[in-house]
Amino acid sequence: MSFLFLGRNKNNKKRKDSNLAVLPQHIGIIMDGNGRWAKKRGLPRSAGHTAGAKNFRTITRYCSDIGIKYLTVYAFSTENWKRPQEEVSALMNLFKQYLEEALSDFKDDSIVVRFIGDTTAFSPELQELIKRTQEESANRSGMVLNIAMNYGSRDEIIMAVKNISQKVSSGEVSLEDIDENMISSSLYTAGQPDPDLVIRPSGEYRISNFLLWQSAYTEYIILDKLWPDFSTDDLDNALVEFNNRNRRFGGV
Ligand code: IPE
Ligand code: IPE
Ligand code: MG
């Protein structure tokens, strides 16, 4: 894939605009396949997660460089607690390490870091880091990065239903007021556009509880490649494929 460098973004970095007519505003990535990546190399699964975390930084910076406005990465699902204790602990340690690094790392790119999911389930230390990362990056002007941790879309929808129900019982809103906007703005992604494109490496053809409500009309790209091997060229290819899709939203 050859891209033309057409300009520079606000950080004066080369911008790979190429001849793409539409750049998705919001991209979601299901960062899947770390375990298989490690297994193929005879390494423990945790080594795959380390490689995946490294790639997360590369791809995040790239998305910011090319002018993506919102990026949502699926890092840990509400179902991932089912994994062996050893793997869960390795993941928690990795989150701590990467968040500390991300605090300074993403500063140069002016990235706003947000967390979606029930973060109260994490250790007090990790919760503190999450809070600090969000607070310190809140006033930046660049790409919004949502890190989905202990995220499950069904959980998110239950939370929204409870919030709205409470408002109905207290009389703050009436049943007739409940519409798509109200539900969207009761989700973790309130105020953000729905994802235009979700990329799932690892070759699995499923959603795995990721952004169910938000991806009603999202374009999906499934790649037969494991997340640690997913490159910036793969992202470029996905953007070209996205441009070739005909999004009809139910129309003609
Ligand atoms: C994704 O990789 C990372 C997390 C779910 C935390 P996996 O660990 O699911 O890797 P595979 O799918 O087993 O290869
Ligand atoms: C989805 O991957 C969750 C993340 C990448 C964080 P999983 O590996 O948990 O999904 P399934 O089990 O293959 O559906
Ligand atoms: Mg997996």
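**Close-up views of a predicted model**

**View 1. Strand β7 and its neighbours.** Strand β3 (residues 26-30) pairs with β7 in the parallel sense over three bridges. Two strands count as paired if DSSP finds at least two bridges between them. Helices (H or I, at least four residues) and strands (E, at least two) are DSSP runs, numbered from the N terminus.

Residues are numbered from 1 along each chain as its sequence is written, chains are lettered from A and ligands numbered from 1 in the order in which they are written, and side-chain values use heavy atoms, with hydrogens and water left out.

**View 2. The two faces of β7.** In a regular strand, side chains alternate between the two faces of the sheet. Strand β7 spans residues 197-200. L197 and I199 lie on one side, V198 and R200 on the other. All four are buried, meaning under 20% relative accessible area; exposed is over 50% and partly exposed in between (1.4 Å probe, protein chains only).

**View 3. The largest pocket.** This pocket holds about 690 Å³ of space. Of its 32 lining residues, M31, Y74, A75, F76 and N80 are the closest to its centre. A pocket is an open set of points on a 1 Å grid over the protein atoms alone, where a 1.4 Å probe fits, with protein on both sides within 12 Å along at least five of seven lines; lining residues have an atom within 4 Å of a point. Volume is the space filled by probe spheres set on the points, which are joined across faces, edges and corners. Helix α3 gives the largest share of the lining, six residues. The lining has 16 nonpolar, eight polar and eight charged residues. Ala, Val, Leu, Ile, Met, Phe, Trp, Tyr, Cys and Pro count as nonpolar, Asp, Glu, Lys and Arg as charged, and the others, Gly among them, as polar.

**View 4. Q127 in helix α4.** Q127 sits in α4 (residues 124-137). Q127 counts as partly exposed because its relative accessibility is 28%. Q127 touches T119, T120 and F122, leaving aside residues up to four places away in sequence. Contact means heavy atoms within 4.5 Å.

Methods: Predicted model: local features only at pLDDT ≥ 70, side-chain atom pairs only at ≥ 80, totals over all residues.
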